[in-house]
Amino acid sequence: MTELNKNLKAIWQDLGTSIAPPTSAQNVLLEAKKLNQNSIKFQRGNLIVLGLSFLVMCYFLIFFFSFQDLLSKIGVALMLGFFLFRIVLEAYSIGQAKSDRITEPSSNNLEKEEKYLSLRVKIHSTYTYLTLGVYTLGFIFLLPEFAIHLSSFWMAAMVVSYFVPGIILTLIIRKNVQKELHELRTVVELKKSLMD
Amino acid sequence: MVFQLCMGFLKGDNDQAEDLTQEVFIQVWNNLGTFRQDSTPKTWIYRISVNTCLNHLKKEKLKSEKISMAIREQPDTVEISSNETDPIKALYTAMAALSEVDRLITGMLLEEIPNAEIASILGINEGNLRVKIHRIKIRLKKLIPND
């Protein structure tokens, strides 16, 4: 090696001979299979939960309540439409994550990672807030028709039970966005450091 | 080779290096099907190792500020303590003063990987790599004055 001093090379080689294999190949294989299965299960699980929630919402909003007013029908369409839109975005994002960029040259890997994280940030911030906003608007559109059938107390209980979890959900989303923004910044800095 | 590269990257942290090595081999296993014959298996494994090391940084949630500080150029005044007698520790301490990317390049140079291969692993051109190596050499000389 001509690039670095021979002393460093000798130290490195000594180190290499003193290292015992950190883990057995069998353990790695088992772990790899387990992680792979867990990851697929998690991603599929997420989509299944979202899909089932959508079906339950469809049942209640379309068949069970069977709204009559035009305003309520617009509300239902907004709620279901944007919920479906969010599910499609999540599925698209999972599809993007599957690409095998880990085997590509680091500059490509970081480039794709940057694009992917930008997409995640966009999904988790702009689109999720948009979905929440439109969903809430849809919910508000339902209230006049609900008010015909429910007492003030139950109306108030319904509104509170919508907005309290909504606020908690917004805080969780905000935390996730910050985490992904931090990851994005790290990737951008790494890319800059690599290409510099 | 992978464990050593991880050790250098993680500044000699044995436990973390073991975890990262395991992660590299998990990635190797999971991506075996995507291996094309356009590079040697060794280069391919190094590529996965380097990317796994870089991804590791992203996952380190609590180190956000540390990472951004470390990526920036280190001050040239940092020197290895003269009473550091263990040469391996001295090497790791010196590598710790380099940026993450420079630590990976140093590790691959010490593994005697040719420049063309390192450039292909990192996805940068050889001219850019030579500039980086030159900077690393200058920094290591300052960090290990007796080397």
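# Exercises on helix packing and salt bridges

In this predicted model, H3(B) packs against helix H7 (residues 115-122) of chain B at an angle of about 50 degrees, and their axes are 9 Å apart.

## Exercise 1

Task: Describe how H3(B) and H7(B) are placed relative to each other, and sort the residues of their contact by class.

Solution. 

Step 1. Take the angle of about 50 degrees. Angles under 35 degrees count as roughly parallel, and 65 to 115 as roughly perpendicular. H3(B) and H7(B) are therefore oblique to each other.

Step 2. Find the handedness. The crossing of H3(B) and H7(B) is right-handed.

Step 3. Find the residues that touch. H3(B) brings B:Thr43, B:Tyr46, B:Arg47 and B:Val50. H7(B) brings B:Glu117, B:Ser120, B:Ile121 and B:Leu122.

Step 4. Sort them. The contact of H3(B) with H7(B) holds four nonpolar, two polar and two charged residues.

## Exercise 2

Task: Work out how H2(B) and H3(B) cross, and name the residues that make the contact.

Solution. 

Step 1. Locate the helices. H2 of chain B covers residues 14-30, and H3 of chain B covers residues 41-59. Their axes come within 9 Å and cross at roughly 125 degrees.

Step 2. Classify the angle. Perpendicular pairs run from 65 to 115 degrees, and antiparallel ones start over 145. H2(B) and H3(B) are therefore oblique to each other.

Step 3. The crossing of H2(B) and H3(B) is right-handed.

Step 4. List the contact. From H2(B) come B:Gln16, B:Leu20, B:Glu23, B:Val24, B:Gln27 and B:Val28. From H3(B) come B:Trp44, B:Ile45, B:Ile48, B:Ser49, B:Thr52, B:Cys53, B:His56 and B:Lys59.

Step 5. Sort by class. The contact of H2(B) with H3(B) has seven nonpolar, five polar and two charged residues.

## Exercise 3

Task: Decide whether B:Gln16 is buried or partly exposed, and give its distance from B:Cys6.

Solution. 

Step 1. B:Gln16 sits in helix H2 of chain B.

Step 2. Check the accessibility. The relative accessible area of B:Gln16 is 21%. Buried means under 20%. So B:Gln16 is partly exposed.

Step 3. Compare sequence and space. B:Gln16 and B:Cys6 are ten residues apart in sequence. From C-alpha to C-alpha, B:Gln16 and B:Cys6 are 8.4 Å apart.

## Exercise 4

Task: Trace the salt-bridge network that includes A:Glu90.

Solution. 

Step 1. Start with the total. The structure holds seven salt bridges over all chains.

Step 2. Take one pair. The side chains of A:Arg86 and A:Glu90 form a salt bridge of 3.0 Å, N to O. Both residues lie in helix H3 (residues 70-97) of chain A, four residues apart, about one turn of the helix. A:Arg86 and A:Glu90 are both buried.

Step 3. Follow A:Glu90 to another partner. A:Glu90 also bridges to A:Arg120, with the closest N and O atoms 3.6 Å apart. A:Glu90 is in helix H3 of chain A and A:Arg120 in helix H4 (residues 106-149) of chain A, so the pair ties together parts that are 30 residues apart in sequence. A:Glu90 and A:Arg120 are both buried.

Step 4. Join the bridges. Shared partners link A:Arg86, A:Glu90 and A:Arg120 into one network.

## Exercise 5

Solution. 

Step 1. Find the distance. The closest N and O atoms of A:Glu111 and A:Lys191 are 3.3 Å apart.

Step 2. Check the accessibility. A:Glu111 counts as partly exposed, at 34% relative accessibility.

How values were computed. Residues are numbered from 1 along each chain as its sequence is written. Chains are lettered from A and ligands numbered from 1 in the order in which they are written. This is a predicted model: local features need pLDDT of at least 70, side-chain atom pairs count only at pLDDT 80 or more; totals for chains, interfaces and linings use all residues. Side-chain values use heavy atoms; hydrogens and water are left out. Axes are lines fitted to C-alpha atoms, for helices over the stretch in contact, and angles run from 0 to 180 degrees between N-to-C directions. Helices (H or I, at least four residues) and strands (E, at least two) are DSSP runs, numbered from the N terminus. A crossing is left-handed if the near helix is turned anticlockwise from the far one by less than a right angle, and right-handed if clockwise. Contact means heavy atoms within 4.5 Å. Ala, Val, Leu, Ile, Met, Phe, Trp, Tyr, Cys and Pro count as nonpolar, Asp, Glu, Lys and Arg as charged, and the others, Gly among them, as polar. Buried means under 20% relative accessible area, exposed over 50%, partly exposed in between (1.4 Å probe, protein chains only). A salt bridge is a side-chain nitrogen of Lys or Arg within 4 Å of a carboxyl oxygen of Asp or Glu.
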